[in-house]
Amino acid sequence: MICLENLLLAWLSIDGLLLFAIGVLAAIIGGMFGAAGFVLLPALLLVGIPIHATVAVNKFATGVSSLSTVLVLAVKKKVQLKQMLPLMFVAGLGGISGAFFATRLSEQTMNIVACIVLISMFFIVLKSNKTGLVSEQQDTEQPTTLLAPFFIGIYDGGFGPGSALLNITYFLKKQFIYLKAAEMTRFVMFASCMSAFLFYFFYGIVDWGIAIPVTVGSIVGSHIGLKIVPYLKGKWIQLLLPIISLLLIVQVIADLLF
């Protein structure tokens with residue numbers, strides 16, 4: 001049960017404000033470029049939080065911040081729920097599956113898996129730029145499949161850094177414009193994150209004193225990020241996506257070596 005007194009003390013402390021700031025910054029980056037984990041996970045690990053507890057906090061913060069933007073997008077009918085529900089369902093299945101496997105893997109093994117996925121993603125992004133995938137206007141949108149959101153959901157539930165970028169890249173490959181791809185990503189991220197978080201919660205590794213300030217910061221940062229996305233130009237995205245992908249790879253390799 002959540003202790004309200006402990007949560008209040010967490011908020012009033014310097015650590016609480018720092019966690020809030022980390023959540024804001026991570027969500028802004030996540031909303032724009034799909035790389036919230038690049039800030040959130042290493043920052044939480046740096047302050048001494050165990051890897052599985054860090055992943056659990058990340059899932060809760062990302063899931064709740066995604067929900068806040070999902071509600072706005074649904075009310076404004078920018079994204080059709082009928083289109084997203086099947087994708088959210090398989091992403092949710094993937095998320096809980098990833099959480100299950102993660103609790104049975106060591107930190108080193110998790111980092112190896114993340115490294116393989118992120119390197120693959122880096123080359124996908126490079127290829128996308130060469131073929132003009134990221135542009136101001138796309139061709140006719142192609143039908144989405146369920147396999148990609150499911151496997152991305154597994155990775156997201158078990159680890160997470162770069163999972164939003166994987167989703168954005170997938171929707172771009174289906175010829176959605178960048179803004180639409182970022183908006184659709186919030187829906188599938190909500191499903192995979194919250195299903196994974198529920199598993200971690202019942203597994204007993206959620207620290208609410210950390211999760212709450214990070215999550216409130218993520219809600220604030222998520223809305224700021226989505227406000228900035230419409231002003232991003234295609235050329236900027238083509239430059240920044242591979243850079244962020246490469247930074248994620250460097251981060252994971254550093255975790256493996258040191």
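Of the 258 residues of the protein chain, 54% count as buried, where buried means under 20% relative accessible area, exposed over 50% and partly exposed in between, with a 1.4 Å probe and protein chains only. The model is a predicted one, in which local features need pLDDT of at least 70 and side-chain atom pairs count only at pLDDT 80 or more, while totals for chains, interfaces and linings use all residues. Residues are numbered from 1 along each chain as its sequence is written, and side-chain values use heavy atoms, with hydrogens and water left out.

The protein chain has eleven helices and zero strands, these being DSSP runs numbered from the N terminus (helices H or I with at least four residues, strands E with at least two). Among contacts between residues at least 6 apart in sequence, 85% join residues at least 24 apart, a contact being defined by heavy atoms within 4.5 Å. The accessible surface of the protein chain comes to about 12000 Å², of which 72% belongs to carbon and sulfur atoms, as computed by the Shrake-Rupley method with a 1.4 Å probe; for residues, only the protein chains shown count as cover.

The largest nonpolar core has 52 residues, and those with the most contacts inside it are Leu44, Met84, Phe171, Tyr200 and Val214; such a core is a set of buried Ala, Val, Leu, Ile, Met, Phe, Trp, Tyr and Cys residues joined through side-chain atoms within 4.5 Å. At least two residues of this core are supplied by each of helix 2 (14-33), helix 3 (36-46), helix 4, helix 5, helix 7 (147-158), helix 8 (163-173), helix 9 and helix 10. Helix 9 gives the most to this core, with twelve residues. Met84, when residues up to four places away in sequence are not counted, touches Val79, Met184, Phe187 and Val188.

The structure holds 13 aromatic pairs, a pair being two rings of Phe, Tyr or Trp (its six-membered ring) with centres within 6.5 Å, and with planes under 30 degrees apart counted as stacked, over 60 as edge-to-face and the rest as tilted. Phe197 and Trp208 form an edge-to-face pair, with 5.8 Å from centre to centre and 75 degrees between the planes. This pair links distant parts of the chain, since Phe197 lies in helix 9 (residues 178-203) and Trp208 in helix 10 (residues 208-228), eleven residues apart. Both Phe197 and Trp208 are buried. Another edge-to-face pair is formed by Phe199 and Tyr200, with 6.4 Å from centre to centre and 80 degrees between the planes; Phe199 counts as buried because its relative accessibility is 18%, and Tyr200 counts as buried at 0%. Ring pairs also link Phe60, Phe197, Phe201, Phe202 and Trp208 into a cluster.

The count of salt bridges comes to one, with a salt bridge taken as a side-chain nitrogen of Lys or Arg within 4 Å of a carboxyl oxygen of Asp or Glu. The partners are Lys59 and Asp156, whose closest N and O atoms are 2.6 Å apart. This pair links distant parts of the chain, with Lys59 in helix 4 and Asp156 in helix 7, 97 residues apart. Lys59 counts as buried at 1% relative accessibility, and Asp156 is buried with a relative accessible area of 1%.

Gly95 is placed in helix 5 (residues 81-102) and is buried, because its relative accessible area is 0%. Leaving aside neighbours within four places in sequence, Gly95 is in contact with Gly153, Ile154, Gly157, Ser192, Ser195 and Ala196. Gly95 and Pro149 are 54 residues apart in sequence, yet 9.7 Å apart in space from C-alpha to C-alpha. Gln80 is placed in the loop between helix 4 (51-75) and helix 5, and counts as partly exposed at 49% relative accessibility. Between Gln80 and Met184 the separation is 104 residues in sequence and 9.2 Å in space, C-alpha to C-alpha.
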